[in-house]
Amino acid sequence: MTIFGERKSEAGKCEGESFRRERFFGTFSRSVTLSSPVESDEVKAAYQDGILTVTLPKAEEAKPKKISARIEQGLLVVHLPKAETVKPRKVTVA
């Protein structure tokens with residue numbers, strides 16, 4: 001994700017014989033690598049009191065999935081969606 005912006009130069013006041021300004025102005029950009037896919041159609045941004053808030057909802061495939069599991073006779077039985085299969089494995093229950 002890359003955010004572009006521009007800070008305009010502010011008019012300054014000259015008091016006495018000297019004038020000094022140390023503020024940045026001009027264009028800028030910031031890039032952030034996202035760790036998981038997002039729903040690009042649902043991205044929202046708000047700017048309030050000098051703070052930019054960007055809301056990036058995770059894509060469905062990136063969200064954690066809940067699965068049910070139980071132990072039967074020392075075997076872990078996991079119920080997965082139809083597309084996924086695993087072989088039974090023996091586990092030790094303490």
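Predicted model: local features only at pLDDT ≥ 70, side-chain atom pairs only at ≥ 80, totals over all residues.
Residues are numbered from 1 along each chain as its sequence is written, and side-chain values use heavy atoms, with hydrogens and water left out.

**Confidence**

- The protein chain averages a pLDDT of 77. This score is the predictor's confidence in each residue, from 0 to 100.
- In the protein chain, 70% of the residues score at least 70.
- Confidence is highest in strand 3 (residues 44–48), at a mean of 91. It is lowest in strand 7 (residues 89–90), where the mean is 62.

**Overall build**

- The protein chain has 0 helices and 7 strands. Helices (H or I, at least four residues) and strands (E, at least two) are DSSP runs, numbered from the N terminus.
- Along the sequence, the pattern reads β-β-β-β-β-β-β.
- The protein chain has 94 residues, and 2% of them are buried. Buried means under 20% relative accessible area, exposed means over 50%, and partly exposed lies in between (1.4 Å probe, protein chains only).
- Take the contacts between residues at least 6 apart in sequence: 22% of them join residues at least 24 apart. A contact means heavy atoms within 4.5 Å.

**The largest pocket**

- The largest pocket holds about 230 Å³ of space.
- On a 1 Å grid over the protein atoms alone, a pocket is an open set of points where a 1.4 Å probe fits, with protein on both sides within 12 Å along at least five of seven lines. Lining residues have an atom within 4 Å of a point.
- Grid points are joined across faces, edges and corners, and a volume is the space filled by probe spheres set on the points.
- The lining consists of I3, F4, G5, R7, F24, F28, Y47, G50, I51 and L52.
- Strand 1 (2–7) and strand 4 (51–55) each supply at least two lining residues. Strand 1 gives the largest share, with 4 residues.
- By class, the lining has 7 nonpolar, 2 polar and 1 charged residues. Ala, Val, Leu, Ile, Met, Phe, Trp, Tyr, Cys and Pro count as nonpolar; Asp, Glu, Lys and Arg count as charged; the others, Gly among them, count as polar.

- F4 lies in strand 1, and it is one of the residues lining the largest pocket.
- F4 counts as exposed because its relative accessible area is 65%.
- F4 touches F28 and S29, not counting residues up to four places away in sequence.
- F4 and R30 are 26 residues apart along the chain, and their C-alpha atoms are separated by 6.7 Å.
- G26 sits in strand 2. Leaving aside neighbours within four places in sequence, G26 is in contact with G5, E6 and R7.

- S40 counts as exposed because its relative accessibility is 58%.
- S40 and L56 are 16 residues apart along the chain, and their C-alpha atoms are separated by 7.6 Å.
- V43 has its place in the loop between strand 2 and strand 3. V43 counts as partly exposed because its relative accessibility is 37%.
- V43 touches V54, T55, L56 and P57, not counting residues up to four places away in sequence. The C-alpha atoms of V43 and T55 are separated by 5.8 Å.

**Two residues with positive phi**

- D49 is in the loop between strand 3 and strand 4. Its phi is near 55 degrees, a positive value in a residue other than glycine.
- D49 is exposed because its relative accessible area is 73%.
- Q73 is in the loop between strand 5 (68–72) and strand 6 (75–79). Q73 is not a glycine, yet its phi is positive, at about 50 degrees.
- Q73 counts as exposed because its relative accessibility is 83%.
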